[in-house]
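Hello,

Here is the structure for your set-up. My notes follow below it.

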Amino acid sequence: MTRIYDVAIIGAGASGLCAAIAAARHKKSVALLEKNARVGKKILATGNGRCNLSNENIKPESYHCKAQFAFDIMENFDAREFFASLGLMCKADSQGRIYPYSNTAASVLDALRLAAQNYGAEEICNFNAMDIDNKNGIFCIKSENDSVYAKSVVISSGGYQSNNSSYKIAKKLGHKITALSPSLCPVLCDDPVLKSLKGIRVNAIATLLDNDTPKKSESGEIQFADNALSGICIFNLSHMVSACKKPSVKLDLCPDFSHNQLKELLFKIKKDRKKNLCEDFLSGLFPKRIGQALIKDIINSKQICDINSEQIEKLCKKVKSWEFNVRKNESFKNAQVTNGGVDFLQIKNTLESKLVKGIFFCGEVLDIDADCGGFNLNWAWASGVFAGTNAANFGEKR
Ligand SMILES: Cc1cc2nc3c(=O)[nH]c(=O)nc-3n(C[C@H](O)[C@H](O)[C@H](O)COP(=O)(O)OP(=O)(O)OC[C@H]3O[C@@H](n4cnc5c(N)ncnc54)[C@H](O)[C@@H]3O)c2cc1C
């Protein structure tokens, strides 16, 4: 006889594992469908293997999402409490980023996997969901050679980079998918100077401009790659790039000095190093290769004593606003999250579809993404628990 589960969950990543735990805690039979050979593989790569699982300061400004109820869901969720209930202890660093106490992402995956097993959720791996049908109130989820039946379904298949065939499923159910673009990724720039700066890191304020209009600023470490700018503050600007007509990133490499203070400082350096070569003019402020790249095109004399006031003025401007034209974001492959997804306008505040009763969505497959700092995983856990609980209750309401 064909088995009918109370809840089937498509995608056993961060949000799907939480949905499975929540539904199984409600004593429901749960099938956790995963296209990979193992569940939760991506969790292991998060936070450089340490899993930055939440943040002490969860605030709407860190999320890119128009649905107010997404924040209500997160307001009623405490990641530390949830993980403590699974036997996993957490701690926060000085910037409020929450990590597992063990400092290893494997502990987070183990906690989720063990809890899902203990509550009786059934893992079905190597199951790539490709289609859903509904006959007489029972959903049939199909992979290439198998079918699973359930009374309700949670779609938790992640973003575009998870090779996500479930966007097609959502579309087939009538759901609108907003424009998808890579986010939390490096930005590609064509400036040939970048080749000579590859591998260097500096602290700066980075501002994303569209047609010279500032859109967003972030401060922190910038990493130079041979055709891109990278680093957490660049990642946090990347979600806006695809909406810009003429994007560029402006770097203030000396945020601690005003233009005039910097000018004064450069005149002092000129005096102190007058006998030295120009290539060392800025090496007391920046890594040498950065200094050389900054003076290129401005200073052509050999010795520091020959640098004139006009050149110092130009140099100050460049240090305070070094601009790089952005071609586009890096590919999905090199992005941590997807910007865009299943449109919240067709989703109830229970995370159930407004179009198909009994279908729920959670995690990154929805049109929500966030800055670096544990915010994306916080949404995955919170929405997973919420959707799993509501999917479990769905059967009872019928
Ligand atoms: C390198 C990296 C580091 C990151 N670090 C952090 C961090 O430290 N902190 C943070 O907050 N966020 C981080 N993120 C983002 C975070 O991992 C995601 O926001 C989060 O995993 C999203 O959870 P999800 O459950 O929606 O999707 P996922 O975790 O991607 O899970 C989706 C699952 O669904 C499966 N699947 C997809 N389609 C199907 C299908 N058709 N049938 C069956 N299964 C399917 C996938 O194989 C996958 O297992 C990082 C991301 C990356 C790539």
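Lys-27 sits in the loop between α1 and β2 (30–33). Helices (H or I, at least four residues) and strands (E, at least two) are DSSP runs, numbered from the N terminus. Lys-27 is not a glycine, yet its phi is positive, about 65°. Lys-27 is exposed at 78% relative accessible area (exposed is over 50%, buried under 20%, partly exposed in between; 1.4 Å probe, protein chains only).

Asp-212 belongs to the loop between β13 (201–210) and β14 (213–225). Its phi is positive too, near 75°, and Asp-212 is not a glycine. Asp-212 counts as exposed, at 56% relative accessibility.

This is a predicted model: local features need pLDDT of at least 70, side-chain atom pairs count only at pLDDT 80 or more, and totals for chains, interfaces and linings use all residues. Residues are numbered from 1 along each chain as its sequence is written, and side-chain values use heavy atoms, without hydrogens and water.

Now the barrel. It is closed by 6 strands in the order β12-β15-β14-β13-β16-β17, with antiparallel pairing (strands pair if DSSP finds at least two bridges between them). β12 (residues 187–189) and β17 (residues 322–329) pair antiparallel over 3 bridges. Cys-189 stands opposite Val-326 in β17.

Last, the helices. Leu-17, Cys-18 and Ile-21 in α1 meet Leu-109, Leu-112, Ala-115 and Ala-116 in α4 (contact: heavy atoms within 4.5 Å). That contact has 7 nonpolar residues, no polar and no charged (nonpolar: Ala, Val, Leu, Ile, Met, Phe, Trp, Tyr, Cys and Pro; charged: Asp, Glu, Lys and Arg; polar: the others, Gly among them).

Best regards
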